[in-house]
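Thank you all for coming; I would like to take a few minutes to walk through one model with you. Please have the sequence and the coordinates open while I talk.

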Amino acid sequence: MFFSSPFKLRDKGIMGMNQRNSGYIGRYNPRKLYPLVDNKLKTKIIAKEANVTTPALLGVISMQAEVEGVETYIKGTPGFVIKPAKGSGGKGILVITKVENGRYYKPNGDEVALAEIKRHVTDILAGLFSLGGSADVAVVEGLIQFDNAFDGFSFEGVPDVRVIVFKGFPVMAMMRLSTAASDGKANLHQGAVGVGIDITSGKAINAVQFDKPVQFHPDTGKELGLLQVPKWERLIYLASSCYEMSGMGYLGTDMVLDRDLGPMLLELNARPGLAIQIANGQGILPRLKLIESLGDDHGMTVEQRIEFCKKHFSS
Amino acid sequence: MNARIFFFVLVASLMSLGVFQSVQRHMALDIPWIPGETRTIWNIDAKVDFNANDGPVLATLTTPERQAGFTKISQNAASPGYGLSFLEDKESKRAEWTIREASGKQTLYYNIQMLEDNKSVDQKITEMPELFDKEYTASSSTAGRAIINDALKTSADAYSFTREVLKQLNADVPNQNVTLILTSKASKTDILIALLNAAEIPTKKIGALVLEDGRRRQHLTPLVEVFQESEGVITSRLFDASSVGAVDRDKLLLWDQSGVALLELTGASDSKVSFSMIEQEQPALSALLQKSENDHLFNFSIHSLPVEDQSLFKGILMIPLGVLIVVMMRVLVGLKTSGTFMPVLIAMAFIQTSLITGLVGFILLVAVGLFIRSYLSHLNLLLVSRISTVIIMVILLIALFGVLSYKLGLTEGLKITFFPMIILSWTIERMSVLWEEEGAKEVMAQGGGSLLVAVLAYFVMSNDVTRHLMFNFIGLQFVVMSLVLLLGSYTGYRLLELRRFKPLVDKE
């Protein structure tokens, strides 16, 4: 059978796109708060106020005239990331992992000329990657020195952890590992491997690539079942506190682990995708319904919310 | 929860408003549901021949009025040299020809188009025709009085009285009184009228035309309209003096209801009026539109606009259907399209170009555009100027394809100019970026999705039935709106999600 029965999907508690849009994003994410989440610069600012660690901000380019000066921000860094502040779906993110004698290299070893970097910044400013094509600013961030714990789990790129935070409760998590197919990016639809992570322990549950189950990393051959996210307690605490910080009820938090600085918030997503269910091998609806049944005045702190989730959502 | 109930009430009321308006329009104005329906129109010529007496001539022809079963669509007259006017007063409608000087044999033509229309009704009778002076001998004779007395005994009202008189007049073996009356020169119709008049029953002589396709040199059949007043309401019935049975109004056009004369002529002699007719089948809608020009029934619809604006609306009113298709494909199926409503615009271009030409042209343009655009990526240009370059490039390509196909004898190729160029340029730009970022596969998926939706929208928007329905029943817009609203609240799975999440279900 090419299609599965919708009733079976319902029984498994799998959430579809329409339900996500109208039942959760539409209901729990106030429209006026979107700019905080859609604009990575604003996210950084509110994260700083809330004491949530984020990658170092090297510079912001907001005018075409400043494009020529991009070199001043990136000179002397071991590597950097240029991204559009209002980009979506990982579009327009340029990752340079190696800078040698004024020459720039992408994670896959391809050299990128300075002119190309400038063109990329120009495209960002013109709004090519931003939602709705509006003018944008380019954010230059320091490269994250990713944790050794992930050696062999990721190919040419920073693995990140996506935690779905629903009304402040971390309901589901997955790790996104970049592959050769995804060009160092951590987006599942571009070919990254998604690994479902147990909320209680930070251990891998299940792994998929292109929505199909996988056992080993397609490039490094490492067994994905062995994955264990270090500093999990801190990571999930940061993720959960993003609720108070952003006010978004249904939030996707993208966390990264820096070797020295520990877990930090990379970006927030007001429209987190559905692939996390496939990575976890479970539907998210029962968990969301349980949180909804608590009502609004449960008065739990961040720690209590995490305890609640650990108790109910462990695999 | 209240918001939910309100929503469904809103949807239901929009839907029923739309359906009600459409059904009402269908019932009241007779607009057919299907475009192919035809209605019968009778095209009737009246030919007036006479000899003019070397002087001014005034000819007045009584013309048909609105009546049960028929509606006048148009009338005109051909009569070289004559002044013509259509007169209309309370009693009758007439065509009047006038000329200062005429001599010899003259022929005038009057043409009328009558729509067979079972919604049409007879005009209300406001007053009884007056009885005329009883000077006619037949009725005042002893024989006449005897007939009247016999009929009075066996009747209850004007109609039954008429039937009783007709029975006597048309008996197989007529009695003495009838034979005596019929020997006089007067026709049966005149005798009937005289008898009824003597019995103080108001009557009117009607000239009726029996309609039969292709008939020529026909004359009016005389009928007698008998009036009766009961409880303040005046009614009338038609009788044929030469038969006892009721008059069949089907295929019977009451031409002359004036009760005076069919033709009034001064300054001429030897007049003769003859009729010829043909039956025509016309598309119901155009027939109705012609009819409506007279009675302004369509005043509150698109049809009251000038024709040029109407054809504009014909396109615009189809857009909601295309939009509905897009919503369905996205919400129910989960197809990806590049640009939300771009497929609708492409579909509208397809309607102009015809499907195959459009598809070939579109794919050709986008493919060549993408190829050239890939060179532009190396030039390190600002976005706006890059897209502007793509627009100019698309226009050049369209011109090139147009000229090329024309030289090759493919005039179809010229239709390529109907494509929305700005939209095309943005499509090329977006697909190019998509190609660089996510690879050819995603471009094929989105491009194919857009084309699929566009083709579907094209089929729905170019269908004769849907075009007819959407244009003539504005209420259907509300129905489409309610459907779109309903789809907006659909939270179930999309068809492609059933495929996507299949591994999850199959896991156990």
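Predicted model: local features only at pLDDT ≥ 70, side-chain atom pairs only at ≥ 80, totals over all residues.

**The sheet around Ile82 of chain A**

Let me start with Ile82(A), whose bridge partner in β7(A) is Val140(A). Residues are numbered from 1 along each chain as its sequence is written, and chains are lettered from A and ligands numbered from 1 in the order in which they are written.

Within the β7(A) pairing, Phe80(A) stands opposite Gly142(A).

Taken together, four strands of chain A form an open sheet in the order β1-β7-β2-β3, with antiparallel pairing. The edges are β1 (57-61) and β3 of chain A, each of which has a single partner strand, so one side of each is left without a neighbour in the sheet. On average, neighbouring strands of this sheet are turned by 15° against each other, direction ignored.

Is β2(A) covered on one face or on both? Both faces are covered, with Phe80(A), Ile82(A) and Pro84(A) buried on one side and Val81(A) and Lys83(A) buried on the other. Here a residue is buried if 20 or more other C-beta atoms lie within 10 Å of its own, exposed if 12 or fewer, and partly exposed in between, with C-beta atoms placed from the backbone. Helix α6(A), residues 114-126, lies across β1, β2, β3 and β7 of chain A and runs at about 30° to β2(A). Such angles run from 0 to 180 degrees between N-to-C directions, the axes being lines fitted to C-alpha atoms, for helices over the stretch in contact, and contact means that two C-beta atoms, placed from the backbone, lie within 7 Å.

**Nonpolar cores**

A nonpolar core is a set of buried Ala, Val, Leu, Ile, Met, Phe, Trp, Tyr and Cys residues joined through C-beta atoms within 7 Å. The largest has 93 residues, and those touching the most other members include Val165(A), Val195(A) and Cys242(A). Its largest share, eight residues, comes from helix α7(A), residues 232-246. A second, separate core of 59 residues includes Trp42(B), Ile99(B), Phe161(B) and Val273(B). Returning to Val195(A), and leaving aside neighbours within four places in sequence, its contacts include Met174(A), Leu224(A) and Ala279(A).

**Chain B**

Chain B comes to 18 helices and ten strands, and 33% of its 508 residues count as buried. Four of its strands form an open, antiparallel sheet in the order β7-β6-β5-β8, with β7 (233-239) and β8 (252-256) at the edges, each pairing on one side only. The twist in this sheet averages 40° from one strand to the next.

Strand β6(B), residues 221-230, is joined to the antiparallel β7(B) by seven bridges, and in that pairing Val224(B) stands opposite Phe239(B), while Glu225(B) stands opposite Leu238(B). The two strands form a hairpin with two residues between them, and Glu231(B) in the turn has a positive phi of about 50°. Helix α4(B), residues 158-169, lies across β6(B) and β7(B), at about 145° to β6(B).

Elsewhere, Ala77(B) sits in strand β2(B), residues 69-78, and counts as buried because 20 other C-beta atoms lie within 10 Å. Not counting residues up to four places away in sequence, Ala77(B) touches Leu84(B), Ala95(B), Leu108(B), Tyr109(B), Tyr110(B) and Asn111(B).

Finally, an unreviewed UniProt entry lists several spans of chain B as "transmembrane region", including 312-333 and 384-406; such annotations may be inferred rather than shown by experiment, and positions are given in the numbering used here, with feature names shortened. In the model, residues 312-333 of chain B are 91% helix and 0% strand, with end C-alpha atoms 32 Å apart, whereas residues 384-406 of chain B are 100% helix and 0% strand, with end C-alpha atoms 33 Å apart.

How values were computed: Pairing = 2+ DSSP bridges.
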